[in-house]
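Here is a short tour of the structure for anyone who likes to see the cut-offs next to the values. Have the viewer open and follow along.

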Amino acid sequence: MLAGVPIISIVLFITVIVLAVMAVGFKNLLSAAISLAALSAALAIIFYRLNSPYAAVIELSVCAGLITALFVAAISLTRRR
């Protein structure tokens with residue numbers, strides 16, 4: 001495998017890629033919003049592992065928390081056809 005790269009980093013990067021593809025590929029908007037929240041949480045873990053705790057906290061609170069809540073609220077207010 002890659003010399004010097006911890007296996008947890010590889011798993012996190014693969015997780016981010018898979019969640020991004022899932023968010024784009026879902027037809028259900030609520031599933032896409034949840035996938036984006038999980039993507040932001042995984043990205044916050046990557047930021048923390050890169051010794052950037054402030055960026056990790058902002059990513060987790062704003063992107064995974066606030067933006068996801070706004071997406072879910074907007075989805076719930078729309079009508080289905």
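Let's begin with a term: a residue is called buried under 20% relative accessible area, exposed over 50%, and partly exposed in between, using a 1.4 Å probe and protein chains only. By that scale Ala 73 is partly exposed, because its relative accessible area is 35%. Ala 73 is found in helix α3, where helices (H or I, at least four residues) and strands (E, at least two) are DSSP runs numbered from the N terminus. Its C-alpha atom is separated by 18 Å from that of Ser 40, a residue 33 places away along the chain.

A word on the source: this is a predicted model, in which local features need pLDDT of at least 70 and side-chain atom pairs count only at pLDDT 80 or more, while totals for chains, interfaces and linings use all residues. Residues are numbered from 1 along each chain as its sequence is written, and side-chain values use heavy atoms, with hydrogens and water left out.

**The helices**

| Helix | Residues in helix | Expected span | C-alpha end to end |
|---|---|---|---|
| α3 | 25 residues | 36 Å | 35 Å |

In α3 the reach is close to the expected value.

The buried residues of α2 are Ala 32, Ala 33, Ser 35, Ala 37, Leu 39, Ser 40, Ala 42, Ala 44 and Ile 46. Their cover includes α1 (7–25) and α3 (53–77). From the α1 side, the buried residues are Ser 9, Ile 10, Leu 12, Val 16, Leu 19 and Ala 23, and they pack against α2. From the α3 side, Ala 56, Glu 59, Ala 64 and Thr 68 are buried, and the buried residues of α3 likewise pack against α2. As background, an α-helix has 3.6 residues a turn, so residues three or four places apart point the same way.

Ser 35 of α2 is worth a click. It counts as buried because its relative accessible area is 4%. Leaving aside neighbours within four places in sequence, Ser 35 is in contact (heavy atoms within 4.5 Å) with Leu 19, Met 22, Ala 23 and Phe 26. A polar atom of the Ser 35 side chain also lies 3.4 Å from the backbone nitrogen of Ala 23.

**The two ends of α2**

At the start of α2, a side-chain oxygen of Asn 28 comes to within 3.3 Å of the backbone nitrogen of Leu 30. Just after α2 sits Asn 51, with a positive phi of about 60°. Most residues other than glycine have a negative phi. Asn 51 belongs to the loop between α2 and α3, and it is exposed, with a relative accessible area of 70%.

**A nonpolar patch**

Which residues make the nonpolar surface patch of about 590 Å²? They are Leu 36, Ile 58, Val 62, Leu 66, Ile 67, Leu 70 and Phe 71. Six residues, the largest share, come from α3. Patch members have over 30% relative accessible area and no salt bridge, and nonpolar side chains (Val, Leu, Ile, Met, Phe, Trp, Tyr) are joined within 5 Å, like charges within 9 Å. A salt bridge here is a side-chain nitrogen of Lys or Arg within 4 Å of a carboxyl oxygen of Asp or Glu. Accessible areas come from the Shrake-Rupley method with a 1.4 Å probe, and for residues only the protein chains shown count as cover. Ile 67, in helix α3, is partly exposed at 32% relative accessible area.

Methods
Polar contact = N/O pair within 3.5 Å; in protein donor to acceptor, adjacent residues only side chain to side chain. Expected span 1.5 Å × (residues − 1).
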